[in-house]
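Please view the sequence and the structure first, then read the points grouped by topic below.

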Amino acid sequence: MHKIFTLLAAAIAIPCTAWAGYPSPQLQKAIEAYNQEHYESALQQFTAIVTQQPRQGYAWGYIARIRQHNEQPGQALEAGRKALELVPQPDSVFRASLHACMASSYTATRDTAAALDALDHAVALDAHDPDYRYQRASLLMKHGRCSQAETDYRYLAQADTLNPDGLMGLGTALDCQGRAQEALEAFDQAIARFPADDGARAFRAAQYFNLRRYSEAADDAISSLELKPDNRHALWVMSNLAAVDATGLAAKLKAKQAADAAHAGYWASLINQFTPAP
């Protein structure tokens, strides 16, 4: 079922906004421009700094981040390597963010091995930041390395308890390995922890659909769309249910329309879209 969840494998953007020690007024001004998303102005300021102070590693680090944002991976990697040479080793948080930024640039150049190596460094330097594990797990999933992704997602499901993505990723990685029942249990846990999360219900709906449990798939898809009417995974499930159990889907949508008078028009639109005319 991992084809359903290709969006989960998208690389996660990691901001290089780690604390840069005690910056000079010039550097602080450039960092403020960056944080306000005035990237071109910030780039000009950071470039002026490294022209005057070529060993200012933090400025090189922000240049790398801006180049990556501007989809200039070659220049981003060049600046990132300079930053890693110059940023003090004890500043593990900033160095971790540099490795993660470089991983995004390596990914853009299709150098998966280098990207994963960079993410390994990021995780080793800042094991408490979940973003780096999410980024690594997503990249592993994208390349079909589901058992390795499972390790990261299993860790995240335990460590990042305020975010459903760890459990959702775990379910996806398990299903990718053909462990459908375990995947369903992971989605069950995600919904138990986050009952108002539309994504968790949509993912479980897709899992039910692939297990041919169509009634439960329809219930979860409807619950997901009730929370977020444009959830793409839930709409995908609706489309596929219409092809295999249009009558059952129509009955559930009509029941929901009758029970939810405030949004009757929305449910009517789904009935028209996904069920055959009488």
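**Overall picture**

Of the 278 residues of the protein, 49% count as buried, where buried means under 20% relative accessible area, exposed over 50% and partly exposed in between (1.4 Å probe, protein chains only). This is a predicted model, in which local features need pLDDT of at least 70, side-chain atom pairs count only at pLDDT 80 or more, and totals for chains, interfaces and linings use all residues. Residues are numbered from 1 along each chain as its sequence is written, and side-chain values use heavy atoms, with hydrogens and water left out.

**Fold and dimensions**

- The protein contains 15 helices and 0 strands; helices (H or I, at least four residues) and strands (E, at least two) are DSSP runs, numbered from the N terminus.
- The C-alpha trace spans about 75 × 35 × 30 Å along its principal axes.

**Helix α9**

- Helix α9 covers residues 165–176, and its 12 residues should span 16 Å at 1.5 Å a residue, which agrees with the 16 Å between its end C-alpha atoms; the expected span is 1.5 Å times one less than the number of residues.
- Because 10 of its 12 residues are buried, α9 is largely enclosed by the rest of the structure.
- The cover over these buried residues includes α7 (130–142), α8 (146–159), α10 (180–193) and α11 (198–210).
- After α9 comes Gly-178, whose phi is positive, near 85 degrees.

**Salt bridges**

- The whole structure holds 13 salt bridges, each defined as a side-chain nitrogen of Lys or Arg within 4 Å of a carboxyl oxygen of Asp or Glu.
- In helix α8, Glu-150 and Arg-154 lie 4 residues apart, about one turn of the helix, and their side chains form a salt bridge (2.8 Å, N to O).
- Glu-150 counts as buried at 11% relative accessibility, whereas Arg-154 is partly exposed at 38%.
- Asp-219 and Lys-252 also meet in a salt bridge (2.9 Å, N to O). Asp-219 lies in helix α12 and Lys-252 in helix α14 (residues 246–259), so the pair ties together parts that are 33 residues apart in sequence.
- A network of salt bridges links Asp-120, Arg-133, Arg-136 and Asp-152.

**A buried charge without a partner**

- Asp-198, found in helix α11, is buried yet has no salt bridge, and Lys-228, the nearest side chain of opposite charge, is 4.7 Å away.
- Leaving aside neighbours within four places in sequence, Asp-198 is in contact (heavy atoms within 4.5 Å) with Ser-224, Leu-227, Lys-228 and Asn-231.

Notes: Lys, Arg positive; Asp, Glu negative; His and termini not counted.
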